[in-house]
Structure formats: structure tokens, C-alpha cells
Amino acid sequence: MANWSYEDTGLATDALVINSITATPDPLATGRTNVFTINATAQAEIADGAYLDVTIKLGLIKLLTKRYDLFTQLRGAGDLKLTCETSDGKSPIPKGDTTLTLTMDFPKEIPRAKFNLTVQGYTADEDDLLSLKAQVNFLPSL
């Protein structure tokens, strides 16, 4: 049974529409590498300068609020392990279907709690790129 969920809260006019997200392993596991595969459609070419504003909360407490330059991450120069099948981070993400892969190591020490994540993305021209809400639940199941 999955211990995570997501909701694409973006608009149909966003530059990047999320079609699906899958996780391996599912359910997510602490003390392991977890891989998220994001199948999306770029409705327009996405150029260098696009960015993501990420917030992670535990209840009402903000644990992280950070801006990530999308193409810095795709070039492997950031702290996210993010790749894109249609861009190496040096060239734009072309219009059409694409797959992004986010690889994350979840430490064993992650508290047994429910975390909420929001991602707001913007293009280099400050247009909406994407909007996403996710929840990860590491509470023990009864």
C-alpha cells in the first residue's frame, strides 16, 4: 500500500503538465534510495531560467523552503538528483512528452510523521510551469 500521494494542482495552461508520477520502491522506504518517475507533457519549450519553489512541512512547521533552478539541477550541479530524458540541462526541454527522474536518498532517521510538500514552478518568463502538492506518510500503520 502506497504511503505517498500527489495532486497536480496546476492549470491546463501550465508549461509542464504532469501526467503521472510513480515511485520505486512503493511504498517509499527510509534508509533507501527512492526514485520518482514523472511523466509530463511540455506544452511549450522550457528554457534555462525556469525554477521551482519547494516547501516541505511537518504539520504547520516549515522544515524547508527553497528555490531550485531547474536547469542547474538537470546539469547535475545542484543538490537534487534530477534528470530529464529530453534535456541535458544545457538545452531547452522541447515541446512534447518527457520523463523526469528524481532520485532521493531517504535517511533511516526520518521521523515517523506525515510530511506535506508543495512545488510551484515558473518559466524563465515568470509564467506558470507547474503546481504540485504531495504527501508522504511515515507514520506506522495500525
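Where does Glu 126 lie? Select Glu 126 and you will find yourself in the loop between strand S8 (114-122) and S9. Keep in mind throughout the tour that this is a predicted model.

**Stop 1: a charged patch**

**Stop 2: the aromatic rings**

Now select Trp 4, Tyr 6, Phe 36, Phe 106, Phe 115 and Phe 138, which form one aromatic cluster. The count of aromatic pairs comes to 6. Start with Trp 4 and Tyr 6, a stacked pair with 6.2 Å centre to centre and 20° between the planes. Trp 4 is buried, with a relative accessible area of 13%, whereas Tyr 6 is partly exposed at 30%.

Next, pick Phe 106 and Phe 138. Their ring centres are 6.0 Å apart and their planes stand at 85°, so this pair is edge-to-face. The two residues link distant parts of the chain: Phe 106 belongs to strand S7 (residues 96-106), while Phe 138 sits in the segment after strand S9 (128-137), 32 residues apart. Is Phe 106 buried or exposed? Phe 106 counts as buried, at 10% relative accessibility, and Phe 138 counts as buried too, at 12%.

**Stop 3: the salt bridges**

How many salt bridges does the structure hold? There are 4, and here are some to click through.

- Select Asp 53 and Arg 67: their closest N and O atoms are 2.7 Å apart. Asp 53 is partly exposed at 23% relative accessibility, and Arg 67 is exposed at 53%.
- Move to Asp 79 and Lys 66, with their closest N and O atoms 2.9 Å apart. Asp 79 is in the loop between H1 and strand S6 (81-84), and Lys 66 is in strand S5, 13 residues apart. Asp 79 is exposed at 51%; Lys 66 is partly exposed at 32%.
- Then show Lys 81 and Asp 105, another salt bridge with a closest N and O distance of 2.9 Å. This one links strand S6 to strand S7, across 24 residues. Lys 81 is partly exposed at 44%, as is Asp 105 at 45%.

**Last stop: the helix**

Finally, select Gln 73 in helix H1 (residues 70-74). Gln 73 is buried, with a relative accessible area of 5%.

How values were computed
Residues numbered from 1 in each chain as written. Predicted model: local features only at pLDDT ≥ 70, side-chain atom pairs only at ≥ 80, totals over all residues. Heavy atoms only, no water. Phe/Tyr/Trp six-rings, centres within 6.5 Å; stacked < 30°, edge-to-face > 60°. Buried < 20%, exposed > 50% of the residue type's maximum accessible area, 1.4 Å probe, protein only. Helix = DSSP H or I, 4+ residues; strand = E, 2+ residues; numbered from the N terminus. Salt bridge = Lys/Arg side-chain N within 4 Å of Asp/Glu carboxyl O.
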